[in-house]
Amino acid sequence: PSLLLLDSSSSLLFSLLLAQLPVFTSASPVPPRRTGDMDRLSNQTKSLMKLTQELLREHAFESDVEPHRFRSLPEMSNRSANDLNNLELKPTLSQLHADLKLYEHHFEWLNRVSKKHHHPALPKLVEVIKEMKSLINLLHRQMQRVDAPKLTPATPSLPPHLPYQFDVLQSSQELLHHFKLFCDWAIRAFISLKPKITPAQ
Amino acid sequence: MPGLLSSSGSLTVIWFLSWSLCRSSAQIWTNEVSDVQYGRLDSNVTLACGKSQIKIPVVWHLDDSQVLPWHKVTSDGSLVLLHVNLSAQGNYSCYDNHGLLLHSIKLRLGYPPGLLSISCQVPNHTLVRCSWKESVKTFLPVEYNASLRGNGKAWQPCLVDAAHKYCDVEHPSFWQTIHTLNVTATNALGSESTAARIKLDKLLKPDPPESVLVNEVEGFPNRLNISWNFPSSWALRDAFPLVFHIRYRPHGSQYWSEVYPEESPVVIFDALAGHPHQVQVRARDELDAESQWSDWSPLRYGRPWEDPATSEPPEDHFPDYVFPFNTKPETSTSKSLKPVLQDDGNLGLVILLVLFAVVIIATVLSLFFVVWVKQRRREHVTKQELTSMVKMKSMPI
């Protein structure tokens, strides 16, 4: 009988502990998994931005030439700081996904051209593309969770022919600077969208 | 005849009166209202005596009987001022040989505007302020017209404060690679446009943090509590986090210690007991590590807590003395501190942590207990089995 008592008391203790677990896990009103997704997205974008800045810094040259090579990069002129307060979850995620796909096309093109010209930034460029693909997948999963539609990405219009290494350098500077600013905006967008993720989503 | 004489006399009087009236009224007119003519310094300036070509000899006067600068008068009565300098400015009047005012001109001299030297500040993501300096002192009123555009998009007006020579663009399209600011300076002698290409992300530099306070922490002679506010110009908070940099040193020391906290307040643990400390804070956009740090906030002073039982009477002011310690230079430390737990503020969190620790310990103990009990039971069962086996063996078959 004493053994039986011990058995029952220990299982009671376990039950109590198990019962307490949800109390700890539900301390915040929003399930952490969902807001954690947004954190993962902004962290992944942060590391992509850092990588882009390193590339820009390592292969920097002063260029005040008005950018002109890429006509089909995502439009940033209509994005202002105040708009970040009024972002809607689904359209923003869809747009960011479409934009990233467009950048992916541009970076893969730059990678091909850089290979031809033996550009020294090549290994890091490959890393940027890898990180970008990972962000696109992460974003796609988040879109599926909230039922955000997938937009048809625009067809990229890429410079036809870059005869000199200087052209490659100039194009990579332009693309990287453009992408760095896109990442900056995207991180702020993910931060702004974080409170808009509801438990149902 | 006398009638004729008297009539001619009265005509003369009328003519004289009208002439003198005309003369006096013309004098008033030249002083109050006149045409303004602008001329370029160091060049020859021609002043015409009215619109029509006057063939009669004319006399020119500058203001009230001033001597005319180096000049010549042409056959048509125009005054040509040669190689003018600023002293040639004034009201010029031309008269016919009867002293009748024919024309009056106000002459102002200067230069046309030159190129401007433009610099821009970006104190947050919603404001660009560009100011300029003139490369040429024009001596004449100048009007400015300024606009900004990004990557070949539409021009956005930049609102000009001509007196202070700057313009503001509110809500620029910040996330574009390059912007062009165009400022056109115009005065009576001409106009000049200056274009400047700027990268807003490189220019982003918040204003310094505000309301920096340095307080003692009661009971701790080596601690200081430092608090501050976001710069008031950094209005958007959530999506625009800032990172901060604090530096502090005992007053008189030349070596700073540093911390990089994410939020206010922060407690430093290595203050020098009994000495006033200097503290400064600056801020930078957290996401873009290549944006600029703000300027340092003004120096703030604070003294760590001193035990009233042991301390000497406190000094009312911070003397400008040389730091009295002749020890090895203190190394500048660079630490990243999370906000330090405050005694009252985070009591709930401490309780929660203690509770959690208790639960973990209880779980581990109970696991040990269960394992121990099961072991005991198994041993007990084995013992019983052995006893029964021995018993069975000893039983006669």
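Colleague: Leaving aside neighbours within four places in sequence, which residues is F182(A) in contact with?
Modeller: In this predicted model, F182(A) is in contact with P74(A), M76(A), D99(A) and Y103(A), once its neighbours within four places in sequence are set aside.

Colleague: Which residues touch the most other members of the largest nonpolar core?
Modeller: F182(A) is one of them, together with A186(A), C130(B) and L181(B). That core holds 61 residues.

Colleague: And which helix gives the most to this core?
Modeller: Helix α5 of chain A, residues 165–193, gives the most, with twelve residues. Chain B takes part too: at least three residues come from each of its domain 2 (116–203) and domain 3 (210–335).

Colleague: What other core lies apart from it?
Modeller: Another core, of 15 residues, lies apart from the largest one. Its members include V214(B), L224(B), I226(B) and A271(B).

Colleague: Back to α5(A): how many of its residues are buried?
Modeller: The helix α5(A) is mostly covered, with 24 of its 29 residues buried.

Colleague: What distance does α5(A) reach from its first C-alpha to its last?
Modeller: The helix α5(A) reaches 41 Å, which is close to the 42 Å expected at 1.5 Å a residue.

Colleague: A new topic: how many residues of chain B are in contact with chain A?
Modeller: On the chain B side there are 29 residues, and they are in contact with 27 residues of chain A. Helix α3 of chain B (residues 347–394) supplies the largest share of the chain B side, seven residues.

Colleague: What is the make-up of that side by class?
Modeller: The side of chain B that touches chain A has eleven nonpolar, eleven polar and seven charged residues.

Definitions and conventions. Residues numbered from 1 in each chain as written. Chains lettered and ligands numbered in written order. Predicted model: local features only at pLDDT ≥ 70, side-chain atom pairs only at ≥ 80, totals over all residues. Contact = placed C-beta atoms within 7 Å. Helix = DSSP H or I, 4+ residues; strand = E, 2+ residues; numbered from the N terminus. Nonpolar A, V, L, I, M, F, W, Y, C, P; charged D, E, K, R; others polar. Core = buried A, V, L, I, M, F, W, Y, C linked by C-beta atoms within 7 Å. Buried ≥ 20, exposed ≤ 12 C-beta atoms within 10 Å, placed from the backbone. Domains from an automatic or database assignment. Expected span 1.5 Å × (residues − 1).
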